[in-house]
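The sequence and structure come first.

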Amino acid sequence: MTAALPDTPNQGTDTATTGRYDFAQTVLDSLTAHVAILDEQGFIIETNRAWKRFAEANQIRMRPDTLRVNYLEICDGADGYSADESASVADGIRRVIAGQAEEFVLDYPCHSPTKKRWFYMRVTRAAGSGPTRIVVSHENITALKLAEERLLASEQALSHEKRRIEEAN
């Protein structure tokens, strides 16, 4: 996808532009990652189906697509346990927007009241000419993190057993 998405589906005036937009949206909607496209000021101009479903499932208190919401302002306004991480995210996105970084990545917890979950966030500039567009994706890596936790627990148990055997000898 080398062409930047138009700001809205109706922005394209010819059939070719509309067709490219539809194809780009179809590709976005096919991804399992939650994806938002930001403009150079941090406003969300497009999201995919996974993004919308996550927002609906987690009862996000705004439009599920979050179009026209400023992602950077949300990060800047975060408080509580996620404030430091949110500030880091905002800084990373701003660095990508400014061209000071190729990408920004972060693994982070996003636990719900009923289950533990983790995500891998990647922020990159969209390829191609035209206005600056930033691609923000969040991939669910919970299975990987839970496997890591089990592996760490196994390693600790083995280490404890090894010490116990060595002390017995």
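In this predicted model, R164 pairs with E161 in a salt bridge, with 2.5 Å between the closest N and O atoms. Both residues belong to helix 5 and stand 3 residues apart, so about one helical turn separates R164 from E161. R164 is partly exposed, at 44% relative accessible area, and E161 is likewise partly exposed, at 32%.

Helix 5 holds another such pair: K162 and E166 lie 4 residues apart, again about one helical turn. Their salt bridge has its closest N and O atoms 3.9 Å apart. K162 counts as exposed, with 51% relative accessibility, whereas E166 is partly exposed at 49%.

A further salt bridge joins the side chains of K145 and D107 (3.6 Å, N to O). Because K145 lies in helix 5 (residues 142-168) and D107 in strand 3, this pair ties together parts that are 38 residues apart in sequence. K145 is buried, with a relative accessible area of 17%, while D107 is partly exposed at 37%. D107 and K145 also form a network of salt bridges with E148. Over the whole structure, a search finds 8 salt bridges.

The largest nonpolar core has 21 residues, among which L38, Y71, V89, I93, M121 and V123 touch the most other members. Elements giving two or more residues to this core include strand 1 (34-38), helix 3 (71-76) and strand 4 (118-125); helix 4 gives the most, with 5 residues. Leaving aside residues up to four places away in sequence, V89 touches Y71, C75, F104, L106 and M121. A second, separate core of 5 residues includes L28, A33, V35 and I45.

Notes
Residues are numbered from 1 along each chain as its sequence is written. This is a predicted model: local features need pLDDT of at least 70, side-chain atom pairs count only at pLDDT 80 or more; totals for chains, interfaces and linings use all residues. Side-chain values use heavy atoms; hydrogens and water are left out. A nonpolar core is a set of buried Ala, Val, Leu, Ile, Met, Phe, Trp, Tyr and Cys residues joined through side-chain atoms within 4.5 Å. Buried means under 20% relative accessible area, exposed over 50%, partly exposed in between (1.4 Å probe, protein chains only). Contact means heavy atoms within 4.5 Å. A salt bridge is a side-chain nitrogen of Lys or Arg within 4 Å of a carboxyl oxygen of Asp or Glu.
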